[in-house]
Amino acid sequence: MASTDSKIQEFVDREYEHGFVTDIEAESIEPGLDESVVRWISAKKGEPQWLLDWRLKAFRQWQDMVEPTWALVEYPKIDYQSITYFSSPKSKKDGPKSLDEVDPELLEAYEKLGIPLKEREALAGVAVDAVFDSVSVATTFKAKLYELGIIFCSFSEAVKEHPELIQKYLGSVVPTTDNYFAALNSAVFSDGSFVYIPKGVRCPMELSTYFRINAANTGQFERTLIVADEGAYVSYLEGCTAPMRDENQLHAAVVELVAMDDARIKYSTVQNWYPGDKNGKGGIYNFVTKRGNCKGRNSHISWTQVETGSAITWKYPSCILSGDNSIGEFYSVALTNNYQQADTGTKMIHLGKNTRSTIISKGISAGHGQNTYRGQVKIQKGADNARNFSQCDSLLMGDRCGAHTVPYIEVNNPSAQMEHEATTSKIGEDQLFYCRQRGISEEDAISMIVNGFCKEVLRELPMEFAVEAQNLLGVSLEGSVG
Amino acid sequence: MLKIENLHASADGTPILHGIDLEIAAGEVHAVMGPNGSGKSTLSNVLAGKPGYEVTKGRVLFQGEDLLALEPEERARSGVFLAFQYPVEIPGVGNNYFLKASVNAVRTHRGEEELDAMDFLQVCREKMKVVDMPEDLMNRSINEGFSGGEKKRNEILQMLLLEPKLCILDETDSGLDIDALRVVAGGVNALRGPERSMLIITHYQRLLDYIVPDRVHVLQDGRIVRTGGKELALELESRGYGWLEEAAENSGSAG
């Protein structure tokens, strides 16, 4: 086991030290943030005046805000003036020319995670712009989506092509004043994705499956907006199981979802940003604001997330259940190993009548990892017959990690039905030994036990994502027991 | 099959076994009896390779090979099976899935082809009849919510499926009523054969009414103090373990 441990550790360290993601010849500005930077970004992107005004308003609000300290995470003070707020990717010509030039151990990792062959090149940063056929795949599918009236494009493109939609919905779910990081994102967001599904259209494919490679470099201040019009359906996938390198330590993304009458949005995330080394050095700070508005009657929004990366995760994908009979769901697996810290959960705000919400949270802590579930269920006065079911389970590996559960429940309507279950268990030497005594290797046993623990969440993921996520959980925990 | 020579072992730093010598030939069934705290479970755990135990002296040969040099999973794959006294629960992992993974790990080691889901199901159904195991237990999580009897049956089912060369049963009779005991014993007896050895660890003689041993060893304070035929178990049953202690004191030596 010891040799496997060190081998994996070696691989994890090396992978990020060498950095195989293409060195972006950035056209960037000097570090620092003031109004002129916000103006520069907006001008660089050729944005209309209204958007610049929106950014400036957000920036001014941000200046008056203080960084929140309530989360159970510790990190050195961030110097916002030392961050570079804009860099645009220029070319990939310095990357490896083919997979033959890529570290075999990295390729082994892709193999283990079951990353499709075609995607491995892109993930490894191979300069394949001209030949990489995902471009043509992307084009083909884009045409098909276009036929159905579905808009799926970069945020910048949407600002140019569909300004009326952006102006209508941008900030409608997460206002610029929502919180410190959302305000910062609103001021300086670089790019992101925009999706619009027209009335009655069921999006025929998982969005971003075919495009996720291209989205790998969307940067540290990402902005996503998804609108599902009446009766529309869309399943959106974000992230990737492959370990991704990023120079930017601070990530502050904002995701807004809007579901109209009878619409359904399923949003799935697999997050595997660099978690820092085994001593807790480095790693991404992931401060994300994600919120969906079940605006229409019978609308339905599901968040499913598998969070295994980042040094710090601060993230609460939430649902505002405004429409009558609307449904909000949150399925989460958060894994912290070594010195990772995660404070994650959800908010379910019940406004409409007969609204229902389900929360299933699975926290896994190993090494010195700290894992907190923080959630709020709020039943407002007019929300007759609202129902919530919450289940928060924690799994501990070893005796140096921590799991914390902080549920807030606020009920202002006597007809509400609330259920809350919570468990904490330990992945025991006994369970592992039992599996090994039946001939199953320790590695497979850990993976089996952890995947069993997360089953209710993993089955919410689209098939191909689920398989990768299962492998990812195993790989992320290797060597953490024994 | 199994040869234990002067085995000394400690659990978490405390010496428990103080020199065990035991040899089991192929086809033989040996029982190890002893009072609580005599080292019975330590012996089975050391043989299976449970972490937390340290062998301080002696050696164990399994089919002529150094058993102690192998990882627990390697021991299992080469044919050492431990039926646990307290089988653990593993929530979310289907019993069916687990057993198939286990069987295939062992088959792969033996150079046999892995069983696919259909083949496995067929084999499994057959063996389930032997231990009178209801089918729904296969679709549940490993041992989760199983009764004491169901857990033990599940252990024996696994043993039947894996067809090990050395079966170690650690207090398999504990917590079983007489009907369950019969069923479990029936499963064990079904596996008796000239190529297979068994080490039955038990506190009571009761189980040995159903699984009749070739030899009986009495373990006390980490040593085998007496060895005899199946009648030794009956004698222990009637006279208690205290009798041996007195006998040891009187004779000044351990038998």
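Tutor: What follows starts with the interface and then turns to the sheets.

The model is predicted: local features need pLDDT of at least 70, side-chain atom pairs count only at pLDDT 80 or more, and totals for chains, interfaces and linings use all residues. Residues are numbered from 1 along each chain as its sequence is written, chains are lettered from A and ligands numbered from 1 in the order in which they are written, and side-chain values use heavy atoms, with hydrogens and water left out.

In the interface, 18 residues of chain A contact 34 residues of chain B (contact: heavy atoms within 4.5 Å). The two chains bury about 2100 Å² between them, and carbon and sulfur atoms give 62% of that. Buried area is the accessible area (1.4 Å probe) that two parts lose on being put together, summed over both. A:Phe433, A:Tyr434 and A:Arg438 supply 37% of the area that chain A buries against chain B, more than any other three residues.

The rule finds four salt bridges across the interface (a side-chain nitrogen of Lys or Arg within 4 Å of a carboxyl oxygen of Asp or Glu). A:Arg436 and B:Glu73 meet in a salt bridge at 2.6 Å, N to O.

On chain A, α10 (429-437) and α11 (442-458) each supply at least two residues of the side that touches chain B. The largest share, eight residues, comes from α10(A). Helices (H or I, at least four residues) and strands (E, at least two) are DSSP runs, numbered from the N terminus.

Chain B holds an open sheet of four strands, ordered β2-β1-β4-β5, with antiparallel pairing (strands pair if DSSP finds at least two bridges between them). Its edge strands are β2 (14-24) and β5 (65-66) of chain B. β1 (2-11) and β2 of chain B pair over eight bridges. There, B:Leu7 stands opposite B:Ile20.

A six-strand open sheet of chain B runs β6-β9-β10-β3-β11-β12, with mixed pairing. β6 (80-83) and β12 (223-228) of chain B are its edges. β6(B) pairs with β9 (166-170) of chain B in the parallel sense over four bridges. B:Phe81 stands opposite B:Cys167 in β9(B).
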